[in-house]
Amino acid sequence: MNPIKIFRLLFFVTFFFGNAQKDNFNNLEIEVLEAQSTRITAMINADIEKLNNILDDDLTYSHTTGWTETKSGYLETIKSGRINYEKFIPRNVEVRIYGEIAVLTGKVDVNLGRTDFTIRFLEVQRKMDGIWKLTAWQSVLNKVD
């Protein structure tokens, strides 16, 4: 992993855990946020094996452009480098849990190399065999902060 990605990853982990402590999430919410953090780290590192294990087979991943992918399509996008996340930092995250389903909303600051932008997201995770897996992702450009 290159030094810039290591720095960004460390920044993300520090940012994430600092906010988790500050916002006083309960244990289950922290578990869901840790699953989100694990996924984001795998996305940044293009860790296809890790992503394959933590993405639901029924995944629907809708990008800000409206482009929607299945699990296999998303894995290929990451593997091929068509999307190369340099930064993906969530903030203002709210977690709601309904049994084995978690719904997260918030903003993400994204960098794709030469492009920085902020998105709003709706994320659905489903707990399967003790693992929170991303089932659905929908994002839109955040035009107002």
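The protein exposes about 7,900 Å², and carbon and sulfur atoms supply 52% of that area. Accessible areas come from the Shrake-Rupley method with a 1.4 Å probe; for residues, only the protein chains shown count as cover. Buried residues make up 43% of the 145 residues in the protein. Buried means under 20% relative accessible area, exposed means over 50%, and partly exposed lies in between (1.4 Å probe, protein chains only).

This is a predicted model: local features need pLDDT of at least 70, side-chain atom pairs count only at pLDDT 80 or more, and totals for chains, interfaces and linings use all residues. Residues are numbered from 1 along each chain as its sequence is written, and side-chain values use heavy atoms, with hydrogens and water left out.

Start with the elements. The protein has four helices and six strands. From the N terminus on, they run α-α-α-β-β-α-β-β-β-β. Helices (H or I, at least four residues) and strands (E, at least two) are DSSP runs, numbered from the N terminus. Contact means heavy atoms within 4.5 Å. Of the contacts with a separation of 6 or more, 49% are between residues 24 or more positions apart.

Now the strands. They form an open sheet of six in the order E2-E1-E6-E5-E4-E3, with mixed pairing. E2 and E3 stand at the edges with a single partner strand each, so one side of each is left without a neighbour in the sheet. Two strands pair if DSSP finds at least two bridges between them.

Follow E1 through its partners. Four bridges join E1 to E6, and these two strands run parallel. Leu55 stands opposite Leu134 in E6. The bridge partner of Ser62 is Gln138, also in E6. E1 and E2 run antiparallel, joined by two bridges. Tyr61 has Glu69 in E2 as its bridge partner. E1 and E2 form a hairpin with five residues between them. In its turn, Gly66 has a positive phi of about 95 degrees.

Move on to helix H4, residues 71–80. Its buried residues are Lys71, Tyr74, Leu75, Thr77 and Ile78. They cover an arc of only 155 degrees around the axis, which puts them on the same side of H4. The arc is that of the directions from the helix axis to the C-beta atoms. An α-helix has 3.6 residues a turn, so residues three or four places apart point the same way. The face turned away from the buried side of H4 carries the exposed residues Ser72 and Lys79. What covers the buried residues of H4 includes helices H2 (27–44) and H3 (48–54), and strands E1 (55–62) and E2 (68–69). After H4 comes Gly81, with a positive phi near 85 degrees.

Next, the core. The largest nonpolar core has 30 residues; those with the most contacts inside it are Leu51, Tyr61, Tyr74, Tyr85, Phe88, Leu104 and Trp137. H2, H3, E1, H4, E3 (87–98), E4 (101–111), E5 (116–128) and E6 (131–141) each supply at least two residues of this core. H2 gives the most, with seven residues. A nonpolar core is a set of buried Ala, Val, Leu, Ile, Met, Phe, Trp, Tyr and Cys residues joined through side-chain atoms within 4.5 Å. Leaving aside neighbours within four places in sequence, Leu51 is in contact with Arg39, Ala42, Met43, Leu75 and Ile78.

Two strand residues deserve a look. Asp109 is in E4. Its side chain makes a polar contact with the side chain of Arg91 (2.9 Å). A polar contact is a pair of N or O atoms within 3.5 Å; within protein, one must be able to donate a hydrogen and the other to accept it, and residues adjacent in sequence count only if both atoms are side-chain atoms. Val124 is found in E5. Val124 and Ala102 are 22 residues apart in sequence and 5.7 Å apart in space, C-alpha to C-alpha.

Last, some backbone angles. Most residues other than glycine have a negative phi. Ala46 has a positive phi, near 50 degrees. Ala46 is in the loop between H2 and H3 and is partly exposed, with a relative accessible area of 36%. Asn92, in strand E3, has a positive phi of about 50 degrees. At 53% relative accessibility, Asn92 counts as exposed.
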